[in-house]
Amino acid sequence: MDNILSVLVFFPAIAALLGFVVDKKSARVYGISVASVELLLALWLWMSFDSGNAGMQFVELVPLVPDFGINYYLGVDGISLFIVVMAALMTLLGMIGMSIEKDIKNMIISLLFLEMTMIGVFVALDAIVFYLFWELSLVPMLYIIGAWGGPLRVYASIKFFLYTFTGSLIMLVGMLFMAYLYHSISGIWSFSITDWYALVLPVSYQIWLFLAFFVGFAIKVPMFPFHTWLPYAHGQAPTIGSVILAAVLLKMGTYGFVRFSLPLFPDASVMMIMPIAVISIIMIIYTAMVAYAQEDMKQVIAYSSVSHMGVIVLGTFAMNAEGISGSIFLMLSHGIVSGALFMLVGVIYDRRHTKLMSEFGGLASVMPKYAVIFGIMLMASVGLPLTIGFVGEFLVLLGFYKVSMIGTILAGTSIIIGAIYMLSLYKKSFFGPLTNKANEKLLDLNGKELMSLVPLVAIVIWLGVYPKPVLAPIDNSVKALLTFMEEKAQTPEAKERIVVSTTMKEAR
Amino acid sequence: MEKFVYIALFAPLVSSLFAALFGMSPRKTFVGVIASLLLATSFLASAILAAFVYQTGGAIHVTMMEWIGAGDLMIPFGFIVDQVSVTMMTVVTLVSTVVHIYSIGYMDHDKSFNRFFSYLSAFVFSMMVLVMSDNFAGLFIGWEGVGVCSWLLIGFWYHKPDVSPEENPSISPSWAANEAFIVNRIADLGMLIGIFILYWNTGSLQYDVVFAAIPHLSHGILFAAAIALFIGAMGKSAQFPLHTWLTDAMEGPTPVSALIHAATMVTAGVFLVIRANPLYMVTPEVSYFIASLGTFVAFFAASMALVNRDLKRIIAFSTLSQLGYMFAAAGLGAYWIALFHLAAHAFFKALLFLGAGNVMHAMHDELDIFKMGGLKKSMKWTYIYMGVASLALAGIPPLAGFFSKDAIIETAFNEGTLILWIILVVTAGMTAFYSFRQVFLTFEGDERYKAFGIHPHEMYKFVLIAMSPLAILAVIAGFFQGTFHTFIIELLPNYEMSEHTHHYVLLLGAIVLAFAVGGIVLAWVMYGKGLKRNEKLENSFVYKLLKNQYYIPQFYAEFISKPYAMISTMMWKSVDMKIIDTTVDGIANLFYSGGDKTRKMQTGNLSSYLNWMGIGLFVLLFIAAISTVIG
């Protein structure tokens, strides 16, 4: 299959179109089947991926607007491959665990469209195609929050849409300017990211371009102080919306840093290490403290998401393979773990129609299976070794230590304050006596919920004990990226800061 | 021999998973039996390995598979069985096996019997990973693993409600569990930083590579690494100021206190210092700090034990105090003596805790020793066990504690650190006093429990038999000091007393012994015949200070926990919701209201349109004029 990537991108979209004629009663089964096929395709992509090759694979290139160098240009490398697989996985598991009955058909169609845009973003190698998928992803999510959300859903969804849209418009300006620069230097138009990579820009241009892209990515991540749309979005979104949002959509921002900012503007990236590190560290500590103050279980997870995204951004700017590979691995692990945590909150919300921790207490004795799975995800979230959460967090902190010891100590407090809010959430909800009568007859996880959660538990432990199948291809591409950046960098500071790993040096 | 390494390591994991299969089903005795058998298997394998290492003097090194590889970092799952790790393995599995068998009896009536064994075995597995790993990352796996198991086990009776600190200083099991986990996390950050320092300066986390690189590193780096790793050790081994969690951890079931919070996990910090001895040898100022802190904690904890009324908390304070002794020895460079005391302490302290468990069982979970007394009639064996353990703890010859503790005190003299020596000697007297205050108040004198309608009974026979190996070791372990010395110095640096110290050895021993015996006699005089409360003493400032643990828990609650919660809430409600979010909404509203106001331009009135056109033209001309001037 030469055009496996096109199939991956458009299969869910075509299936979604066909979904309009599917009977309402079988919509759910239809959606799950499509998502399963999609996941199998993604796994097939992984299986046929050549781990030894650090470059782009399964490349497809079809000219769209040849005069302006806009191409339908797709490809994956070790950095994007696993995000694609995760997007397919989380969509499927989210659908399986979904408890929504209302307008189920519309929901399934929205999710399948969303899946197209998510996969499209991560495999696009043309800036315009990337931008199209990036913006298109807002639409189904806007609809999911706006149609199935809580009481403030309209406010939350519009805030989500406008805020991220504003950011991406600035990013678009950056992209257009980038293409203009490419044209003025080489005489031809191109929007191919790989063409842009070859462009060596003056440092002053790099900084402005970096900032333009930064606004788009930072709002998406969301980085402090652009994060306030997220708690609203999570607070109002239905479970499935939060799962996809936290697991995949936020990763677009951090992925953007790795795909665009680092290789396009290596000198600016190095110059920006400190400002970004400061923002990330504020983000890690500040949102973790805010998470502790929350009364609503879901808001704790929402703020914890922001805090963890701070760790991811920090790792991206460590400028060594340990940090960047760790940060990409953390994107995956955060996707799995926060996705699972949002599903778990959904479980109790379905039963009690409240997410306030004060309503609970002693749940461990009525819902032991639920408590066990929640406990495992909690431990993964606080980065316990041998769970998926440790690998990424450890590597990021280890990598960033090379940049700044004080920064690492401050960012490392996330392992302390992360434990504080998560353990107090667990204590308030699961421990203590069962005081609320409404909780006495709660049913433990049902088959559907177990089917969506148990695979995640398995992944959390599998990749915690043996991360190599995922980490090795990531690391391979990251090492190549760093070598490329180091060669392209002009300023001596950047040359010095970007660490090329020993194996790559030997290869040279 | 490799297969024994794997058996020793994985038998506890199998046991844990097996018990977990029945985690949600009602109590099944065979779960406890099989778990105990698997632990015994692990002990046997460890013993075989110990014999092998003893005979050959070599180490067994196995690398299972790669764990994390990124950039230039490569961390394998590698295990090393050498003199130090095999000592730890044998001690850990032996005490664990005893505690597992004990728990079959102790947890008899608990509905979560199976779950308990699952956690307990998982703990042993983590502990084995901790001591057997051949690199710092592997150590950290075990380090965090024991932390989680400790969290699970302290909070084992999670259904108990929170009460005020006046009623129960630990508030509730789940509160104590969280406290232990979070305090340990603070220390773990220090440890992680230590690991990072070593990695970026040596390029590896393998012990052998790191230690081989030490001579090439600058002193500043070594100093930072030594401090950072020791911060990690301070958390696990509950050294001041991270000590409060240990006494609160007594909320866990007593077998847990015996295994985790006395014999094994809390000694992990000491183990780390011993393991990293090449690092601490070259950082004498850090080592001296460790010794001083250890000595301080020995005294500090013992002082709080003097007045406490809670059976388990007294033993917890004594554990803290003995950990201080171990750090004192390790800090002074006598690593092998620290390890020897670690092992001896594991035996008699576990025995003491298990004895306390028997008392609790008999007293229906009453812990106040003021409400006990005269239990020797109904609990003869427990009295003997606890008496033996307390004699060992007090350092009465020829029991184990005499040899190991005396060696530490002698080291302090040998190093010429007289202040440390004096404090350690005084502490030895205090140790004897509080140990026997507890024993006498529990077993001797008038039967105060009768007022509460309790009918104590001795523990099951099989439990008492299971405890006997610990009792025997508490008595005889000291005789193996010489053998242990020759065995362990193949790996650890040798430490021997100077001629000068040898000259005074009898006198030194006699002084320590005098303090110990004096402590016991004083305890007998004060409490041997029953409880005579001294109102004046109990109302004195010092007594209250000690009783309230120097007001440190209150201080932490008032100046750390509460402000943290307050600032968090403030950040959420004032900063996040008000300042940041209002700014965002404000900017958005600016556009809304801007659009709303300019909307009025669209009046449909031709003359107003012409006016606007005029203004527009003027503005454009103005801009054009300016740009010509600038351009």
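**Exercise 1. Describe the hairpin formed by β1(A) and β2(A).**

Step 1. Start with the turn: four residues lie between β1(A) and β2(A) in this hairpin, and A:Gly69 in the turn has a positive phi of about 65°. Strands here are DSSP runs of E with at least two residues, and helices are runs of H or I with at least four, numbered from the N terminus.

Step 2. Now look at the pairing. β1 (residues 57–65) and β2 (residues 70–76) of chain A run antiparallel over six bridges; strands pair if DSSP finds at least two bridges between them.

Step 3. Pick one bridge to follow: A:Val65 has A:Ile70 in β2(A) as its partner.

A word on the model before going on: it is predicted, with local features needing pLDDT of at least 70 and side-chain atom pairs pLDDT 80 or more, while totals for chains, interfaces and linings use all residues. Residues are numbered from 1 along each chain as its sequence is written, and chains are lettered from A and ligands numbered from 1 in the order in which they are written.

**Exercise 2. Work out how α18(A) and α21(A) are placed.**

Step 1. The axes of α18 (residues 388–401) and α21 (residues 447–465) of chain A come within 6 Å and cross at roughly 45°. Axes are lines fitted to C-alpha atoms, for helices over the stretch in contact, with angles from 0 to 180 degrees between N-to-C directions.

Step 2. Find the touching residues: A:Ile388, A:Phe390 and A:Val391 of α18(A) meet A:Ile459, A:Val460, A:Leu463 and A:Gly464 of α21(A). Contact means C-beta atoms, placed from the backbone, within 7 Å.

**Exercise 3. Is B:Gly138 buried or exposed?**

Step 1. Locate B:Gly138 in helix α5 (residues 136–154) of chain B.

Step 2. B:Gly138 counts as buried because it has 24 C-beta neighbours inside 10 Å. Buried takes 20 or more other C-beta atoms within 10 Å, exposed 12 or fewer, and partly exposed lies in between, with C-beta atoms placed from the backbone.

Step 3. Leaving aside neighbours within four places in sequence, B:Gly138 contacts B:Phe77, B:Gly78, B:Val129 and B:Ser133. B:Phe77 is 61 residues from B:Gly138 in sequence, yet their C-alpha atoms are 6.7 Å apart.

Methods:
Contact = placed C-beta atoms within 7 Å.
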